Amino acid sequence: MIQDLFTALYRMSQYFESGGIVMFPLAALSLVMWLLIIDRVLHFRRLYRKNMSSKAAWAHISENRMPDPAHYQGAISVLVAEFIRSRSGDPVLDRFILDETVLKINRSMDDHLATIGALAASAPLMGLLGTVIGMIVTFDVIAVFGTGNARAMAGGISEALITTQTGLLVAIPGMYMKGFLERRAQKLKQRTAVIGYYLRRHL
(Lines give C-alpha, C1' and ligand atoms only; values in the text may rest on other atoms or scores of the structure.)
Protein backbone atom coordinates (compact mmCIF):
# COMPACT_ATOMS: atom_id res chain seq x y z
CA MET A 1 0.00 0.00 0.00
CA ILE A 2 2.85 2.41 0.88
CA GLN A 3 4.50 1.57 -2.43
CA ASP A 4 1.25 2.38 -4.24
CA LEU A 5 1.13 5.69 -2.41
CA PHE A 6 4.69 6.57 -3.45
CA THR A 7 3.91 5.53 -7.01
CA ALA A 8 0.84 7.78 -7.07
CA LEU A 9 2.86 10.70 -5.64
CA TYR A 10 5.58 10.15 -8.22
CA ARG A 11 3.06 10.12 -11.07
CA MET A 12 1.43 13.26 -9.69
CA SER A 13 4.76 15.07 -9.50
CA GLN A 14 5.54 13.99 -13.08
CA TYR A 15 2.14 15.27 -14.18
CA PHE A 16 2.77 18.55 -12.37
CA GLU A 17 6.21 19.01 -13.94
CA SER A 18 4.87 18.21 -17.41
CA GLY A 19 2.38 21.08 -17.11
CA GLY A 20 5.13 23.68 -16.82
CA ILE A 21 5.17 26.94 -14.87
CA VAL A 22 1.42 27.60 -15.19
CA MET A 23 0.74 24.65 -12.89
CA PHE A 24 1.99 26.66 -9.88
CA PRO A 25 -0.61 29.48 -10.07
CA LEU A 26 -3.25 26.88 -10.97
CA ALA A 27 -2.40 24.90 -7.83
CA ALA A 28 -2.44 28.07 -5.69
CA LEU A 29 -5.77 29.12 -7.20
CA SER A 30 -7.24 25.68 -6.53
CA LEU A 31 -5.97 25.68 -2.94
CA VAL A 32 -7.48 29.09 -2.13
CA MET A 33 -10.77 28.18 -3.83
CA TRP A 34 -11.14 24.94 -1.86
CA LEU A 35 -10.23 26.61 1.43
CA LEU A 36 -13.02 29.14 0.84
CA ILE A 37 -15.43 26.35 -0.17
CA ILE A 38 -14.66 24.37 3.00
CA ASP A 39 -15.08 27.53 5.08
CA ARG A 40 -18.52 28.16 3.55
CA VAL A 41 -19.61 24.52 3.88
CA LEU A 42 -18.76 24.54 7.59
CA HIS A 43 -20.41 27.95 8.05
CA PHE A 44 -23.69 26.82 6.46
CA ARG A 45 -23.54 23.54 8.36
CA ARG A 46 -23.44 25.51 11.62
CA LEU A 47 -26.33 27.73 10.51
CA TYR A 48 -28.49 24.73 9.58
CA ARG A 49 -27.90 22.84 12.83
CA LYS A 50 -30.21 23.05 15.86
CA ASN A 51 -32.40 25.80 14.43
CA MET A 52 -35.19 27.15 16.59
CA SER A 53 -38.82 27.51 15.58
CA SER A 54 -40.53 30.86 15.16
CA LYS A 55 -42.42 30.37 18.43
CA ALA A 56 -39.23 29.55 20.32
CA ALA A 57 -37.56 32.62 18.79
CA TRP A 58 -40.41 34.87 19.93
CA ALA A 59 -40.38 33.28 23.39
CA HIS A 60 -36.68 34.13 23.76
CA ILE A 61 -37.19 37.70 22.54
CA SER A 62 -40.26 38.36 24.70
CA GLU A 63 -38.37 37.09 27.77
CA ASN A 64 -35.15 38.87 26.67
CA ARG A 65 -33.38 35.52 27.04
CA MET A 66 -30.30 34.61 25.02
CA PRO A 67 -30.51 31.23 23.19
CA ASP A 68 -28.69 28.38 24.90
CA PRO A 69 -25.89 27.21 22.52
CA ALA A 70 -26.42 23.65 23.76
CA HIS A 71 -29.92 23.65 22.27
CA TYR A 72 -29.84 26.26 19.49
CA GLN A 73 -26.97 27.07 17.10
CA GLY A 74 -28.59 27.82 13.75
CA ALA A 75 -29.28 30.99 11.77
CA ILE A 76 -32.43 31.85 13.73
CA SER A 77 -30.53 31.51 16.99
CA VAL A 78 -27.93 33.96 15.63
CA LEU A 79 -30.73 36.34 14.61
CA VAL A 80 -32.33 36.21 18.08
CA ALA A 81 -29.01 36.67 19.88
CA GLU A 82 -27.97 39.61 17.66
CA PHE A 83 -31.33 41.30 18.07
CA ILE A 84 -31.40 40.90 21.87
CA ARG A 85 -27.92 42.43 22.07
CA SER A 86 -28.96 45.41 19.89
CA ARG A 87 -32.57 46.07 20.91
CA SER A 88 -33.46 49.44 22.40
CA GLY A 89 -36.73 48.69 24.18
CA ASP A 90 -38.68 51.04 21.91
CA PRO A 91 -40.99 48.85 19.73
CA VAL A 92 -40.81 51.17 16.69
CA LEU A 93 -37.03 51.42 16.79
CA ASP A 94 -36.73 47.69 17.51
CA ARG A 95 -38.55 46.86 14.27
CA PHE A 96 -35.88 48.78 12.33
CA ILE A 97 -33.14 47.07 14.37
CA LEU A 98 -34.69 43.67 13.61
CA ASP A 99 -34.84 44.46 9.86
CA GLU A 100 -31.21 45.57 9.92
CA THR A 101 -30.20 42.41 11.80
CA VAL A 102 -31.94 40.20 9.21
CA LEU A 103 -30.21 42.08 6.38
CA LYS A 104 -26.83 41.82 8.10
CA ILE A 105 -27.15 38.05 8.60
CA ASN A 106 -28.41 37.51 5.05
CA ARG A 107 -25.55 39.57 3.60
CA SER A 108 -23.03 37.49 5.54
CA MET A 109 -24.30 34.35 3.79
CA ASP A 110 -23.00 35.68 0.46
CA ASP A 111 -19.45 36.14 1.82
CA HIS A 112 -16.78 34.55 -0.40
CA LEU A 113 -19.33 33.11 -2.89
CA ALA A 114 -18.42 35.66 -5.57
CA THR A 115 -14.71 35.00 -4.94
CA ILE A 116 -15.24 31.25 -5.32
CA GLY A 117 -17.04 31.86 -8.62
CA ALA A 118 -14.30 34.18 -9.86
CA LEU A 119 -11.56 31.67 -8.97
CA ALA A 120 -13.45 28.80 -10.64
CA ALA A 121 -13.99 30.91 -13.77
CA SER A 122 -10.31 31.91 -13.83
CA ALA A 123 -9.02 28.34 -13.83
CA PRO A 124 -9.84 27.56 -17.53
CA LEU A 125 -8.23 30.89 -18.50
CA MET A 126 -5.07 29.88 -16.65
CA GLY A 127 -5.25 26.56 -18.46
CA LEU A 128 -5.59 28.42 -21.76
CA LEU A 129 -2.47 30.43 -20.90
CA GLY A 130 -0.64 27.15 -20.37
CA THR A 131 -1.93 25.96 -23.74
CA VAL A 132 -0.54 29.05 -25.46
CA ILE A 133 2.82 28.66 -23.71
CA GLY A 134 2.95 24.97 -24.64
CA MET A 135 2.20 25.72 -28.29
CA ILE A 136 4.89 28.42 -28.37
CA VAL A 137 7.38 25.87 -27.01
CA THR A 138 6.27 23.41 -29.70
CA PHE A 139 6.72 25.97 -32.49
CA ASP A 140 10.14 26.93 -31.12
CA VAL A 141 11.17 23.26 -31.32
CA ILE A 142 9.85 23.02 -34.89
CA ALA A 143 11.74 26.21 -35.82
CA VAL A 144 15.03 24.76 -34.52
CA PHE A 145 14.77 21.04 -35.32
CA GLY A 146 12.00 20.90 -37.90
CA THR A 147 9.30 18.26 -37.53
CA GLY A 148 11.80 15.43 -37.24
CA ASN A 149 12.22 15.64 -33.44
CA ALA A 150 8.93 14.22 -32.22
CA ARG A 151 10.20 13.77 -28.64
CA ALA A 152 11.04 17.45 -28.26
CA MET A 153 7.70 18.48 -29.81
CA ALA A 154 5.83 16.18 -27.44
CA GLY A 155 6.99 18.22 -24.40
CA GLY A 156 5.28 21.41 -25.61
CA ILE A 157 2.11 19.59 -26.70
CA SER A 158 1.97 17.77 -23.38
CA GLU A 159 2.31 21.05 -21.48
CA ALA A 160 -0.51 22.58 -23.52
CA LEU A 161 -2.90 19.68 -22.95
CA ILE A 162 -2.10 19.14 -19.26
CA THR A 163 -2.71 22.77 -18.31
CA THR A 164 -5.99 22.79 -20.22
CA GLN A 165 -7.06 19.60 -18.49
CA THR A 166 -6.03 20.90 -15.06
CA GLY A 167 -7.86 24.18 -15.58
CA LEU A 168 -11.07 22.30 -16.35
CA LEU A 169 -10.54 19.90 -13.43
CA VAL A 170 -10.32 22.90 -11.10
CA ALA A 171 -13.18 24.86 -12.69
CA ILE A 172 -15.91 22.20 -13.00
CA PRO A 173 -16.15 21.17 -9.31
CA GLY A 174 -15.60 24.79 -8.29
CA MET A 175 -18.59 25.99 -10.32
CA TYR A 176 -20.70 23.11 -9.04
CA MET A 177 -19.83 23.92 -5.42
CA LYS A 178 -20.57 27.62 -5.99
CA GLY A 179 -24.06 26.73 -7.24
CA PHE A 180 -24.56 24.32 -4.35
CA LEU A 181 -23.52 26.94 -1.78
CA GLU A 182 -25.70 29.61 -3.39
CA ARG A 183 -28.72 27.33 -3.09
CA ARG A 184 -27.93 26.67 0.58
CA ALA A 185 -27.52 30.42 1.20
CA GLN A 186 -30.80 31.20 -0.58
CA LYS A 187 -32.75 28.72 1.56
CA LEU A 188 -31.26 30.12 4.75
CA LYS A 189 -31.97 33.70 3.65
CA GLN A 190 -35.61 32.86 2.98
CA ARG A 191 -35.95 31.15 6.35
CA THR A 192 -34.33 34.05 8.19
CA ALA A 193 -36.50 36.60 6.36
CA VAL A 194 -39.71 34.66 7.16
CA ILE A 195 -38.84 34.37 10.86
CA GLY A 196 -37.78 38.03 10.89
CA TYR A 197 -41.15 39.02 9.45
CA TYR A 198 -42.93 36.87 12.05
CA LEU A 199 -40.98 38.46 14.90
CA ARG A 200 -41.56 41.95 13.49
CA ARG A 201 -45.33 41.44 13.60
CA HIS A 202 -45.15 40.52 17.28
CA LEU A 203 -42.93 43.37 18.43
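Helices (H or I, at least four residues) and strands (E, at least two) are DSSP runs, numbered from the N terminus. This is a predicted model, in which local features need pLDDT of at least 70, side-chain atom pairs count only at pLDDT 80 or more, and totals for chains, interfaces and linings use all residues. Residues are numbered from 1 along each chain as its sequence is written, and side-chain values use heavy atoms, with hydrogens and water left out.

**View 1. Asn-64 in the loop between α3 and α4.** Asn-64 is not a glycine, yet its phi is positive, near 55 degrees. Most residues other than glycine have a negative phi. Asn-64 has a relative accessible area of 46%, so it counts as partly exposed (buried is under 20% relative accessible area, exposed over 50%, partly exposed in between; 1.4 Å probe, protein chains only).

**View 2. His-112 in the loop between α5 and α6 (113-145).** Phi is positive here too, near 75 degrees, in a residue other than glycine. His-112 is partly exposed, at a relative accessible area of 34%.

**View 3. Helix α1, residues 2-18.** The helix has 17 residues. From first C-alpha to last, α1 reaches 24 Å, close to the 24 Å expected at 1.5 Å a residue (the expected span is 1.5 Å times one less than the number of residues). The number of buried residues in α1 is zero, so the helix lies largely in the open. Just after α1, Gly-20 takes a positive phi of about 80 degrees.

**View 4. Helix α4, residues 75-86, and its cover.** Twelve residues should span 16 Å at 1.5 Å a residue; the end C-alpha atoms of α4 are 17 Å apart, which agrees. Buried residues of α4 include Ala-75, Ile-76, Leu-79, Val-80, Phe-83 and Ile-84. Ser-77 and Ala-81 are buried as well. What covers these buried residues includes α2 (23-48), α3 (54-62), α5 (91-108) and α7 (150-202).

**View 5. The pairing of α2 and α7.** Their axes come within 10 Å and cross at roughly 20 degrees. That makes α2 roughly parallel to α7 (angles under 35 degrees count as roughly parallel, over 145 as roughly antiparallel, 65 to 115 as roughly perpendicular and the rest as oblique). The crossing of α2 past α7 is left-handed.

**View 6. Residues 90-191, the annotated span.** An unreviewed UniProt entry annotates this span as "domain: MotA/TolQ/ExbB proton channel". Such annotations may be inferred rather than shown by experiment. In the model, the span is 91% helix and 0% strand. Its end C-alpha atoms lie 25 Å apart.

Conventions: Contact means heavy atoms within 4.5 Å. Axes are lines fitted to C-alpha atoms, for helices over the stretch in contact, and angles run from 0 to 180 degrees between N-to-C directions. A crossing is left-handed if the near helix is turned anticlockwise from the far one by less than a right angle, and right-handed if clockwise.
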